Amino acid sequence: MKYTTQQKAILLLSDGTIFHGKSIGISGKTFGEVCFNTGMTGYQEIFTDPSYFGQIMVATNAHIGNYGVNEAEVESDGIKIAGLVCKNFSFNYSRVDAEGSLEDYFIKHNLISISDVDTRALVSYIRDNGAMNAVICTDGTSVEELKAELAAVPDMKGLELASKVSTKEPYFYGDENATYKVSALDLGIKTNILRNLAKRDCYIKVFPFDSSYEELAAFEPNGYFLSNGPGDPEPLDGAIAVAKAIIADNKPLFGICLGHQIIGLANGVSTYKMFNGHRGINHPVQNLVTGKGEITSQNHGFAVSKEELDANEALEITHLHLNDGTVAGMRMKDKNCFSVQYHPEASPGPHDSSYLFDQFIQNMQ
């Protein structure tokens, strides 16, 4: 049994609110937008999801680290969250196929984190006051100095972050002899998206976020994919231009999360920053085409305008979020294009929505 002496640490919100806790081990400070995830499992997948880049993650589950880590369960090349806030951190772990402790994983990736925080009070506060920037400090820096540094951190609204997590060079995924070829624009793509496409007989070429339509088309794909990713979609002029070109040529196009927002912008539908985003693995969505309900994995802080979508004759809403009525999916009426605001590849989360990958395959057929 391992026993670790923890140093005092704080979480300072941009409005001056302070939450006290203990350092999980790495000394320093980290800045980002504070948000919370309501998932009860899958912490490793969450921490390595590129869509969380630049965000301090509050885990609502009371125990984090209790089942260790396994390299087969990462969604990118490493941890992408800016920091972690949790209630109980487990320095000891118990799982047969664990390859190490979460503490050692944090040390490897230099993640600053804080435990022993009243996360129920913190999440309640964020729900009431909205997402905001924050800093985790574990090195004893004064509150006044932290406030000055925090004031200089840019807001998520207007922030382009896809370039921070996208691949620098194109790469391939899957079997080169597969039936279908897909060009994927990497805005922060999760590995399980690639797994889902590959197991459906697709060979994928993944392109950097700033690639042109001509570069994607040179692969001679059967279809195109716009990935999830972090930050505000509006600054991504290049990705919006790519989406417009694909739509103009009426090629099969599928977008997830940030890719969904890009398709909306390409059709003249604006996006907005949500008061609180959707982050968890139990979000209820209704498929308006079939009438069926789905329990979904979600992770986004921006959304497309429902009012503008309703008024757009080229688009129709296919899925609605049942908690707040926001748009969860859409399709173009006369084009081979559809998208969803949530994560059908899950990891973590339920598999209710995996049929969307099959729908993409049918569109390519």
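Searching the whole structure turns up 4 cavities of 30 Å³ or more. A cavity here is a set of points on a 1 Å grid over the protein atoms alone where a 1.4 Å probe fits but cannot get out. This is a predicted model: local features need pLDDT of at least 70, side-chain atom pairs count only at pLDDT 80 or more, and totals for chains, interfaces and linings use all residues. Residues are numbered from 1 along each chain as its sequence is written, and side-chain values use heavy atoms, with hydrogens and water left out.

## The largest cavity

The largest cavity has a volume of about 140 Å³, meaning the space filled by probe spheres set on the points. Its lining (residues with an atom within 4 Å of a point) is made of 16 residues, and nearest the centre sit Ser-51, Gly-229, Gly-231, His-300 and Gly-301.

Which strand gives the largest share of this lining? That's strand 16, with 4 residues.

Now for strand 14, residues 253–256; strands are DSSP runs of E, at least two residues long, numbered from the N terminus. Leu-253 and Gly-255 point one way, Phe-254 and Ile-256 the other, and all are buried, that is, under 20% relative accessible area with a 1.4 Å probe, protein chains only.

Strand 13 (residues 223–226) runs parallel to strand 14, joined by 3 bridges; pairing takes at least two DSSP bridges. On the other pairing, strand 14 and strand 19 (residues 337–340) are parallel over 4 bridges. Gly-255 turns up in both: its bridge partner is Leu-226 in one case and Ser-339 in the other.

Note on methods:
Buried means under 20% relative accessible area, exposed over 50%, partly exposed in between (1.4 Å probe, protein chains only). On a 1 Å grid over the protein atoms alone, a cavity is a set of points where a 1.4 Å probe fits but cannot get out, and a pocket is an open set with protein on both sides within 12 Å along at least five of seven lines; lining residues have an atom within 4 Å of a point.
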